[in-house]
Amino acid sequence: MEGINHRRLEVNGIAMHIAEKGEGGPVVLMLHGFPELWYSWRHQIIGLAAKGYHAVAPDLRGYGDTDTPSAISSYSIFHLVGDIVALINVLGQEQVFVVGHDWGALVAWHLCLFRPDKVKALVNLSVAYRPRNPTATLVDYFRALYGEEYYVCRFQEPGAVEAQFASANTRQLCKYFLKFCDPGGLFIPKEGLVFPNDESSLPAWLSEEDLNYLTNKFEKTGFTGGLNYYRCLSSNWELLAPWTGAQIKVPTKYIVGDLDLTYNYPDIQDYIHKGGFKQAVPFLEDVVVMAGVAHFINQEKAHEVTEHILDFIKQF
């Protein structure tokens, strides 16, 4: 990680930590997911900076060395996008390239929905844009599909899953989430998670040093900040009513692993490949499905993802 610089900036009423390298070139802003940090983009920061870009990866609101507001309502999609708009402005930019993964992809989609003027082009990983369903929230959808033990549903009650997580150590939790690769979905039984032998090996793309970094940060902050994103899903659904039927009109590339749980929801592959996705995102220029790759794609296939990003943004 030598040569990656760190600073905290005042944005949208909070202090936000960013990691950056390659100042002076076009800005590429990379947004992480759950339960992650700027660190998930460590390989892309180095790879993009080496090609002349100014790579910037924040810890999002509630994560790492960025402030963690206490109120659940402070994690609405408007707060999350507001942070990114403010960060773009503080960086002195009119427009930037944006790359998102998992929750970072959701934030990036909504940044493009609300403020397309701020985004030159978008590369999103894992989570495809789905237009707002006017009759059911995302939580209702997952509950009907998978039941109450599906992770999105289990995360809804404030404090409940945190109490369960407290019975495990932070290292076990980080390792469990990062090693998760079941395309059938993530379930958290009410009686508690069962962890495999803690001495089980890490995947090749995750080192002990990587796991230690994440563990140390989440030991200090806990997981509540990231969990609050999920707790705002239903209120977001209400707030997003004016954008029902709206399209994402930013040049876009989408990348997903075929073992990612997000690529294995019922009907999602038909949506992605048979016209629905292109209708919602008319400037969708490329869809890449990486074989044998699970959810944490930007780490699992770091070099390939960096090359995909570079191949796309060099056009603009």
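Is D102 buried or exposed? D102 is buried, with a relative accessible area of 7%; buried stands for under 20% relative accessible area, exposed for over 50% and partly exposed for values in between, using a 1.4 Å probe and protein chains only.

1. Basis of the note. The model is predicted, so local features need pLDDT of at least 70 and side-chain atom pairs count only at pLDDT 80 or more, while totals for chains, interfaces and linings use all residues. Residues are numbered from 1 along each chain as its sequence is written, and side-chain values use heavy atoms, with hydrogens and water left out.

2. Sheet. Eight strands form an open sheet of mixed pairing, in the order β1-β2-β4-β3-β5-β6-β7-β8. Its edge strands, β1 (5-11) and β8 (284-290), each pair on one side only. From one strand to the next the twist averages 20°. Strands are DSSP runs of E with at least two residues, helices are runs of H or I with at least four residues, and both are numbered from the N terminus. Two strands pair if DSSP finds at least two bridges between them.

3. Strands β7 and β8. Strand β7 (residues 252-257) runs parallel to β8 and is joined to β8 by six bridges. I255 has V288 in β8 as its bridge partner.

4. Helix α14. This helix (residues 302-313) lies across β3 (27-31), β5 (96-101), β6 (119-125), β7 and β8, and runs at about 155° to β6. Axes are lines fitted to C-alpha atoms, for helices over the stretch in contact, and angles run from 0 to 180 degrees between N-to-C directions. Contact means heavy atoms within 4.5 Å.

5. Nonpolar core. The largest nonpolar core has 113 residues, and those with the most contacts inside it are Y151 and F277. Helix α3 (residues 103-114) gives the most to this core, with nine residues. Such a core is a set of buried Ala, Val, Leu, Ile, Met, Phe, Trp, Tyr and Cys residues joined through side-chain atoms within 4.5 Å. Not counting residues up to four places away in sequence, Y151 touches L186, F187, I188, Y230, L261 and Y265.

6. Backbone points to inspect. D102, in the loop between β5 and α3, is not a glycine and has a positive phi near 60°. D267 is likewise not a glycine and has a positive phi of about 70°; D267 lies in the loop between β7 and α11 (268-273) and is exposed, with a relative accessible area of 61%. The peptide bond from F34 to P35 is cis, with omega near -15°, and P35 is found in the loop between β3 and α1 (42-50).
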